[in-house]
Amino acid sequence: MADEVAQIAPALIAALDLFGIAVFAASGALAAARLKQTLVTFSFFALVTGVGGGTVRDLLIGAPVFWVQDWRFPATCLATALLVWMTPVRIWKPRALDWFDAVGLAIYSVFGAWKALSLGIGLLPAMMMGVITACVGGVIRDMLAGVPSIILRPELYVTASALASGLFVLLLGLGLPLSIAAVVSVTAGFGLRAAAIAKGLAIPAYKG
C-alpha cells in the first residue's frame, strides 16, 4: 500500500496541501481579526493554525517537519495573514472563519492520511493522523484566541474529519485511484461539516 500510494500521488495532492494550508491560515488570521490584533499577531495565528496539525503529525510518525523543509508553507501562511490584514473587515461575514476552517478540515484530513500511508503507516493509524492533521491547528488557534475549543462544541467537527480521512483510506484500500478517492473524501468531509455549520448538526452529549 505504501509504495503504491507514494508512486501514484499526483499533483492534485500537492495542490491540496498548499491550499489546505492557506485556508487554515486564513481561519487563524480571521481569529486575530476578531480580536483586532496587530499584523504580527495575525501572522502568528496564521502560522500556528496552518502548520500546527501537520507538525504534530510529522513528529508522531517520525517524518521531517514539513514546513521546516519547504519554505513555501510558512510563506503561504504569512502571505495569507497579510492578505486578510489588508482586506476591509466588511468583506468577511461573521461565519467566514467557520467556513474557511471547514475547507481546511476536509482537505487536511485527507492529506494527513495520505502522508501517513505514503510513509508506511497502517490504515487505522493513518486515518487517525488525518484527524490530528486537520484538528490540532484549530485547537491551538482557539486556545490562543481564548475561546472554547471547536472540539468542545456540540456541532460535528472531529466527526467530519474522521469521515473524510476514514473514507479516503477505505477507498484507497478498495483500489480506487488516488485522485478520485481524494476528491470524494474531501467532498464528503466538507459536506458534513457544512451541514453542521448551516443546520447545527450535533451528536448527543453525555447526560451523566
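Here are some questions and answers about a predicted model.

Reader: Let's start with open spaces. What is the volume of the largest pocket, and which residues are closest to its centre?
Author: The largest pocket has a volume of about 290 Å³. It is lined by 15 residues. The closest to its centre are Leu 30, Ala 33, Arg 34, Val 89 and Trp 92.

Reader: How many charged residues are in the lining of the largest cavity?
Author: The lining is made of Leu 97, Asp 98, Asp 101, Arg 141, Ile 150, Arg 153, Tyr 157 and Arg 193. Its largest share, three residues, comes from α6. By class there are three nonpolar residues and no polar ones, and the number of charged residues is five.

Reader: Arg 141 is on that list. Is Arg 141 buried or exposed?
Author: You will find Arg 141 in helix α7. Leaving out residues up to four places away in sequence, Arg 141 touches Ser 27, Gly 28, Ala 31, Phe 45, Thr 49, Leu 97 and Asp 101. Its relative accessible area is 2%, and buried means under 20%, so Arg 141 is buried.

Reader: At what angle do the axes of α6 and helix α7 cross?
Author: Helix α7 covers residues 123–145, and its axis comes within 7 Å of the axis of α6. The crossing of the two helices is right-handed. The axes cross at roughly 145 degrees.

Reader: Which residues of α6 and α7 meet, and how many of the contact residues are nonpolar?
Author: On the α6 side, the residues are Leu 97, Asp 101, Leu 105, Tyr 108, Ser 109, Gly 112, Ala 113, Ala 116 and Leu 117. They meet Leu 123, Ala 126, Met 129, Gly 130, Thr 133, Ala 134, Cys 135 and Arg 141 of α7. In this contact of α6 with α7, four residues are polar and two are charged, while the nonpolar ones number eleven.

Reader: How far apart are the axes of α6 and helix α9?
Author: Helix α9 spans residues 178–199 and packs against α6 at an angle of about 145 degrees. α6 passes α9 in a right-handed crossing. Residues making the contact include Trp 99, Val 103 and Trp 114 of α6, with Val 186, Phe 190 and Ile 197 of α9. The distance between the two axes is 9 Å.

Reader: Is Ile 61 buried or exposed?
Author: Ile 61 is part of helix α3, residues 39–61. Apart from neighbours within four places in sequence, Ile 61 is in contact with Ala 116, Leu 119, Ile 121 and Met 129. With a relative accessibility of 17%, and with the limit for buried set at under 20%, Ile 61 counts as buried.

Reader: And how far apart in space are Ile 61 and Gly 120?
Author: Along the sequence, Ile 61 and Gly 120 are 59 residues apart. In space, from C-alpha to C-alpha, their separation is 9.4 Å.

Reader: Is Lys 36 buried or exposed?
Author: Lys 36 sits in the loop between α2 and α3. Its phi is near 55 degrees, a positive value in a residue other than glycine. Exposed means over 50% relative accessible area, and Lys 36 is at 74%, so Lys 36 counts as exposed.

Reader: Last one! Which residues does Val 147 touch, not counting residues up to four places away in sequence?
Author: Look for Val 147 in the loop between α7 and α8 (158–173). At 38% relative accessibility, Val 147 counts as partly exposed. With those sequence neighbours left out, Val 147 touches Asp 142 and Arg 153.

How values were computed. Residues are numbered from 1 along each chain as its sequence is written. This is a predicted model: local features need pLDDT of at least 70, side-chain atom pairs count only at pLDDT 80 or more; totals for chains, interfaces and linings use all residues. Side-chain values use heavy atoms; hydrogens and water are left out. On a 1 Å grid over the protein atoms alone, a cavity is a set of points where a 1.4 Å probe fits but cannot get out, and a pocket is an open set with protein on both sides within 12 Å along at least five of seven lines; lining residues have an atom within 4 Å of a point. Grid points are joined across faces, edges and corners, and a volume is the space filled by probe spheres set on the points. Axes are lines fitted to C-alpha atoms, for helices over the stretch in contact, and angles run from 0 to 180 degrees between N-to-C directions. Helices (H or I, at least four residues) and strands (E, at least two) are DSSP runs, numbered from the N terminus. A crossing is left-handed if the near helix is turned anticlockwise from the far one by less than a right angle, and right-handed if clockwise. Contact means heavy atoms within 4.5 Å. Ala, Val, Leu, Ile, Met, Phe, Trp, Tyr, Cys and Pro count as nonpolar, Asp, Glu, Lys and Arg as charged, and the others, Gly among them, as polar. Buried means under 20% relative accessible area, exposed over 50%, partly exposed in between (1.4 Å probe, protein chains only).
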